[in-house]
Amino acid sequence: MGLAVANAAAPAAALIAALLVIPSCGVFADSADEGQDLAKLVLLVEVDTLRADALDLPRAVPGGRQDPRSFGPASTPATAALAAESLVLTGAYSSAPWTLPSISTLLTGKWPWEHGATRLLGTLGSGHTTLAEAFGLAGYRTGGVMTNFVATADYGFAQGFDSWDDSLATGHTGSTGAAAVEKLLAMVDDLGATGEPVFLYTLLFEPHWRYEHDPASGTPPAIAAVESLNDLRASLAAGELSEDDLADLADLYRDEVERTDAALAALRAGLEQRGLWDDAIVVLTSDHGELIGEREWIGHTVDLSDTLVRVPLLVKAPGLRTGHESARVGQVDLGATLLDLAGVPAEARAGAFGKTPSFAPTLRDATVAPAREQLYLHVDFQPALLNATSERKRSLQWGVVETATGRKWTVDHLAEGGPAGLFVDPDADPWESTDLSSAHDPAPLQTLRGLVPEPLAGQRGHDPVTPVATGEDSP
């Protein structure tokens with residue numbers, strides 16, 4: 001894993017002094033090119049494998065009811081403090097149940113079958129305008145810290161970043177959140193020293209497997225000694241894991257969540273010391289969730305259940321309303337929304353971010369519905385190694401969520417006996433155990449059936465995307 005660009009940290013005082021010489025309005029610096037104010041700092045933090053229900057936040061489903069999921073949250077005071085200053089979106093969806101296609105969608109504003117990064121160890125092709133490039137073209141300095149080894153510079157993810165560091169992306173062991181925060185703060189100092197606005201992105205690897213015991217939590221449970229996730233999955237399939245074993249495993253996962261929350265607290269403290277927190281745009285989300293014994297699985301990748309694709313999303317921005325918003329939105333539009341909140345006009349948003357709809361109007365005004373009527377889901381996961389659980393890991397599914405109702409139609413193309421569809425209402429049935437196909441009004445169901453996979457016919461997510469000669473985004 002390479003260090004794409006090395007930066008030496010400038011003193012915080014130098015950064016603040018540099019900011020003072022620029023005409024500004026709070027955190028906004030005047031952009032001569034655009035003739036408008038741009039947010040001085042935009043920070044996008046993505047936490048790998050973070051379940052929405054693992055955060056210690058009030059949870060409600062879009063219908064106004066409390067979410068009945070029973071997974072107990074971790075203690076996350078830093079996230080709770082951020083939530084108090086943010087609009088918390090309870091209906092946010094990733095596009096995929098694992099990292100590579102999910103973050104590729106976030107960073108390109110394209111669906112998985114459009115950007116093509118859907119297979120393990122796949123690359124993000126150069127035929128896309130990334131979110132970093134879009135911010136760069138809008139006048140921002142850009143920096144990224146990556147801690148997941150599938151999304152390093154070697155695989156194309158440094159594209160568009162002035163400063164990129166993936167030196168912490170070394171594997172499944174070792175907590176890296178605190179070290180990643182140190183690198184982010186150094187980037188703030190370095191990139192902001194010129195007075196230009198700064199866009200920062202990071203993906204923090206925890207609480208991805210391996211769930212590691214925190215020594216401060218006391219004696220580790222016996223299951224903490226199991227180093228092979230495949231062994232755990234095989235034991236679960238064989239009925240050899242007790243309820244206590246799964247509870248211990250969930251506790252280890254929560255330990256990782258709590259360490260990540262501590263890293264977020266350190267990041268906030270560093271930005272507060274630099275005088276940059278109050279007026280910064282800060283977004284916290286995750287790339288997907290995690291199954292810890294539910295649906296007879298440990299991990300992710302295997303299906304399009306809400307436990308895996310419905311993600312936390314907290315948005316803090318100057319002047320933005322706070323509280324909870326139940327509208328269903330997709331990470332495919334998060335880049336355009338960030339550019340919108342930062343003050344970049346639609347006509348100046350490069351690549352797909354000028355085409356995908358921003359949901360910032362919904363964030364500003366609860367009476368404004370998101371522009372999209374459907375959100376698509378996709379997984380095409382083929383295990384790289386053969387082992388006892390390889391066949392269970394294999395997955396090829398398409399899905400669509402109706403934003404107005406939350407109803408979801410998925411098609412499992414690897415189901416026994418041939419492709420099988422499932423129509424569910426996750427808000428009323430959080431475990432998605434009841435197929436509503438036969439009991440539902442056929443008209444809206446036929447609409448959803450027509451959407452999946454009809455618009456995707458002839459396209460498979462793993463097909464390469466060929467850059468066009470003009471440098472514009474591929475179709």
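Two strands pair if DSSP finds at least two bridges between them. Strands (E, at least two residues) and helices (H or I, at least four) are DSSP runs numbered from the N terminus. This is a predicted model, in which local features need pLDDT of at least 70, side-chain atom pairs count only at pLDDT 80 or more, and totals for chains, interfaces and linings use all residues. Residues are numbered from 1 along each chain as its sequence is written, and side-chain values use heavy atoms, without hydrogens and water.

**Chain**
- The chain has 13 helices and 17 strands.
- Of its 475 residues, 57% are buried (under 20% relative accessible area, 1.4 Å probe, protein chains only).

**Strand β15**
- All eight residues of β15 (residues 395-402) are buried, so the strand is largely enclosed by the rest of the structure.
- One face carries S395, Q397, G399 and V401, the other L396, W398, V400 and E402.
- β15 pairs with β14 (residues 374-381) in the antiparallel sense over eight bridges, and D380 stands opposite L396.
- On β16 (residues 408-412), five bridges make an antiparallel pairing with β15; here W398 stands opposite V411.
- Five residues separate β15 and β16 in their hairpin, where G406 takes a positive phi near 85°.

**Residue D48**
- D48 lies in the loop between β4 (41-47) and α2 (77-84).
- The side chains of D48 and T99 are joined by a polar contact of 3.3 Å (a pair of N or O atoms within 3.5 Å; within protein, one must be able to donate a hydrogen and the other to accept it, and residues adjacent in sequence count only if both atoms are side-chain atoms).

Key. Buried < 20%, exposed > 50% of the residue type's maximum accessible area, 1.4 Å probe, protein only.
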